[in-house]
Structures are given as structure tokens and as C-alpha cells.
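Thanks, everyone. I have one structure to show today, and I will keep to what can be computed from the atoms.

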Amino acid sequence: MSRLRLVEMQPKFLMSDWHQANRMHYGNVEAKRLQSERLVAESQRLVEESDKATQRMQQEVNQRLEWRIKDIRFWKQELELKLNDMVEEIETLLTTKTRVERALESCSEPLRVTLQCMLEREKRVGIDLVHDDVERELIKEKEVIEGVSALLQRTLEQINEQIRLNRSVKYYLEKDLRDKVQAEQIDDYCSNLSNTSINIPHTVAPIPTTGRATVTPKEWEQFSDLNMSKAEREKNNSVSLRVLVDSLLEQTASDMRKAHQAVGTALELCIQETKSAKCQLEENLAKVLEEMARQEKSMASLRAAIEDKRAPLSVAQERLAARSQRPRIELCHDSPQAQLYAEVQKLDGHIQRLNRSLFQSEVELRALRSSQLTLEEEILVKANSLYIDEVICTQLRQPIVVQNF
């Protein structure tokens with residue numbers, strides 16, 4: 001009963017209200033449908049636009065990746081060329097360094113021989129210990145070898161420094177080249193990726209845009225260009241140094257050869273002069289010995305002559321003594337007496353002159369003997385000098401051959 005009462009109590013709408021309500025429902029539904037159609041159309045347009053934009057962007061990225069790969073390959077090829085040139089230059093410079101080291105080592109033996117020759121020649125004695133051409137040339141040779149050694153040592157230090165610079169450039173070229181290879185591999189990988197590629201994560205982690213240094217393409221090119229410019233500069237310096245070293249080695253070897261030949265020429269001339277002086281001394285000694293023999297023979301003749309005069313003098317003196325015993329008037333100064341006086345005086349004069357001549361001969365013989373000793377000493381001096389120059393120094397210098405370094 002109560003329910004019936006409630007139903008009966010609900011208000012009733014008019015037909016106009018009913019029609020109005022239906023029209024309002026129809027309008028709302030139509031508006032929702034039209035809005036949905038517009039949204040579907042807009043969504044379709046956005047899908048098509050995003051597909052086209054995505055395709056366009058991928059094509060543009062692929063094209064730019066191809067350009068980038070070409071750039072990387074170009075610079076990589078240039079770096080490889082510079083690196084190969086630098087590797088070859090380092091090897092060539094190491095060969096040059098070996099030549100300089102061998103040249104420096106080859107200076108030690110000629111210097112030792114030169115100093116030994118100078119020391120041996122100090123053993124000359126007497127007048128032969130002279131500051132001659134050989135000694136002057138030996139001093140020059142010593143200075144040349146020492147100068148060459150010092151110059152080669154400085155050159156070796158320059159070569160070592162240039163090798164260090166070349167290896168430094170090589171290191172940065174290799175580092176840049178490794179980075180280029182890695183960048184090429186990464187960009188090549190990126191270029192080969194497509195929407196259908198497998199093993200691509202569907203969720204991509206956000207890429208940080210800060211915290212890493214960014215390099216512009218111009219700076220990127222300038223970096224490699226700077227490395228190659230350094231490599232080119234150091235290569236040119238290295239080539240110039242090698243050319244200088246080649247000229248230096250040729251010049252120093254020539255200087256050492258000239259100094260060695262100058263000493264050899266002076267030594268040969270000195271040996272010839274010493275031999276000539278020794279021969280002249282020996283000839284003079286032979287003449288002195290011959291003259292001494294004649295002088296001794298002459299002295300023997302003088303002594304014999306003096307002895308031969310003693311008997312006639314004794315006879316004359318005895319006659320004078322005997323005739324002085326004549327008695328009184330018979331003791332007259334007759335012609336035999338005068339002749340006897342004259343004979344005694346003449347014989348005594350002859351004996352005195354012979355004695356003076358014998359004394360002079362003895363003095364001369366002593367002078368000749370002194371000359372003999374002097375000549376013999378000088379011959380020994382020359383023989384000693386010849387032994388030093390012709391035997392010791394010549395044998396010391398004979399194995400020395402200055403070759404081109």
C-alpha cells in the first residue's frame with residue numbers, strides 16, 4: 001500500500017519535456033561522437049606525421065653518419081700515412097744513430113795510437129828531442145780527433161732528442177688513430193642499425209647532456225690536423241738532421257783522414273831525414289876513423305924520425321965533446337968544428353920541430369877521438385829516433401785506416 005502511494009506521488013513530466021530531454025541526449029551523443037571522430041582523425045594525422053618525421057630523421061641521421069664515417073676514414077687514412085712515414089723515419093734515424101755511435105767508437109783507437117806515438121817520441125834523446133813537424137802534426141791530429149769526438153757526441157745527443165720527439169709524435173698519432181678506429185666502428189654500428197635490428201633494448205636509458213666535454217667538428221678536425229702538422233714538422237726536422245749528420249760524418253771522416261795522412265807524410269819525411277843524417281854521421285865517422293888511422297901512422301913516422309935523429313945528434317955531440325979535448329993551439333974553430341956546431345943545431349931543430357908536430361898530432365888525435373865518440377853517440381841517438389819513428393810509431397799507426405763513417 002505504501003509503495004503504491006509513493007508511485008502515485010512521483011511528479012510527471014510534460015511531453016515537451018520528454019522531447020526536449022531526448023533531443024538533448026541526441027545532441028550530447030552526437031557531440032561526443034564528432035569529438036571522437038576528430039580525435040581519431042587527429043591521431044591518424046599525428047601517426048602519419050610522426051612516421052614521416054621519424055623516417056625523415058632516420059634518413060638524415062643515416063646520411064650524416066655516412067658523411068661522418070667518410071670524414072673519419074679520410075682522417076684515419078691521413079693519420080695512417082703520417083704514422084707510417086714517422087715509423088719509417090724513426091727506423092732510418094735509428095740507423096743513423098748507429099752510424100754515429102760506431103763513428104764515435106772508431107775515434108778511440110786512432111786517439112789512443114796518436115797519444116801513444118806522442119808518448120813514445122818523448123823517449124827521443126839529445127838533439128833529436130825536437131819539436132818537429134811530426135810532433136806538430138800529431139798534436140793537430142789529436143785536436144782533430146778530440147774535436148770530432150766532441151762533435152759526434154753532441155750530434156748523438158741531438159739524434160736521441162729527435163728520436164724522443166718522433167716517438168712522442170708517433171704516440172699521439174697512434175692514439176688519435178685508435179680513437180678514429182673506435183669512432184668508425186661505433187658510427188658504422190650505428191649506421192647499420194635499423195628498426196628491424198635485433199638485440200636493441202626497447203627501453204633506452206636517458207643520455208646525459210651534461211658532464212662531458214663537447215668538441216665541435218672544427219675542433220675535431222683541428223685536433224687531427226695539429227697532430228699531423230706536428231708529425232710533418234718533426235719529420236722535416238728529422239730529415240734535415242739526417243742530412244746534416246750525413247754531411248757531418250763525411251766531413252769528419254775526411255778531416256781525420258787528412259790528419260792521419262799528414263802525420264804519415266811528416267813521419268816518412270822525418271824518417272828519411274833521420275836516415276840521411278845517420279848516413280852522413282856514419283860517413284863522417286868512417287872518415288874520422290880513417291883520419292885517425294893516418295894520424296896514428298903519421299905519429300909513428302914522427303916518433304921513428306925522432307928516434308932516427310937521436311943517433312946522428314949523439315954522434316955529432318960526441319964529436320964536439322971529443323974535439324973539445326984537443327990540446328992548446330989545436331983547439332981551434334976549424335971548419336969541422338963549425339960544421340959540427342951547425343949539425344947539432346940543425347939536428348936539434350929537426351927534433352924539436354918533429355916533437356912539436358908529434359904533440360900537435362897527439363892533440364889532433366885526441367880531437368878526432370872526441371869527434372869519434374860524439375859521432376858514435378849521435379849515431380846511437382839517430383838509431384834510437386829511427387827505432388821510435390820507423391818501428392814503434394809506424395807499426396802503431398799501420399793498422400789505423402780511417403773509413404767513411
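Predicted model: local features only at pLDDT ≥ 70, side-chain atom pairs only at ≥ 80, totals over all residues.

Start with the overall fold. The chain contains six helices and zero strands, so in order along the sequence the pattern reads α-α-α-α-α-α. The radius of gyration is 63 Å, whereas a compact globule of 405 residues would come out near 22 Å. The box tells you about the outline: along the principal axes, the C-alpha atoms fill roughly 250 × 40 × 30 Å. As for burial, 28% of the 405 residues count as buried.

What share of the contacts with a separation of 6 or more comes from residues 24 or more positions apart? For this chain the figure is 90%.

Now to helix H3, residues 108–121. H3 has 14 residues, and from its first C-alpha to its last it spans 20 Å, close to the 20 Å expected at 1.5 Å a residue.

How does H3 sit against H2, which covers residues 15–106? The two pack at an angle of about 15 degrees, and their axes are 4 Å apart. Angles under 35 degrees count as roughly parallel, which makes H2 roughly parallel to H3. On the H2 side, the contact is made by Leu104, Glu105 and Ser106, and on the H3 side by Ser108, Glu109 and Pro110. By type, the residues of this contact are two nonpolar, two polar and two charged.

Which residues of H3 are buried? They are Pro110, Leu111, Val113, Thr114, Cys117, Glu120 and Arg121.

Last, a single residue. Val134 belongs to helix H4. Is Val134 buried or exposed? Its relative accessibility is 1%, and buried means under 20%, so Val134 counts as buried.

What does Val134 touch, once neighbours within four places in sequence are set aside? The contacts are Arg121, Ala266, Leu267 and Cys270. Val134 and Leu269 lie 135 residues apart in sequence, while their C-alpha atoms are 8.8 Å apart in space.

That is the end of my part, and I can take questions.

Conventions. Residues numbered from 1 in each chain as written. Heavy atoms only, no water. Axes fitted to C-alpha atoms, helices over the stretch in contact; angles between N-to-C directions. Parallel < 35°, antiparallel > 145°, perpendicular 65-115°, else oblique. Contact = heavy atoms within 4.5 Å. Nonpolar A, V, L, I, M, F, W, Y, C, P; charged D, E, K, R; others polar. Expected span 1.5 Å × (residues − 1). Buried < 20%, exposed > 50% of the residue type's maximum accessible area, 1.4 Å probe, protein only. Rg over C-alpha atoms; globule rule 2.2 N^0.38 Å.
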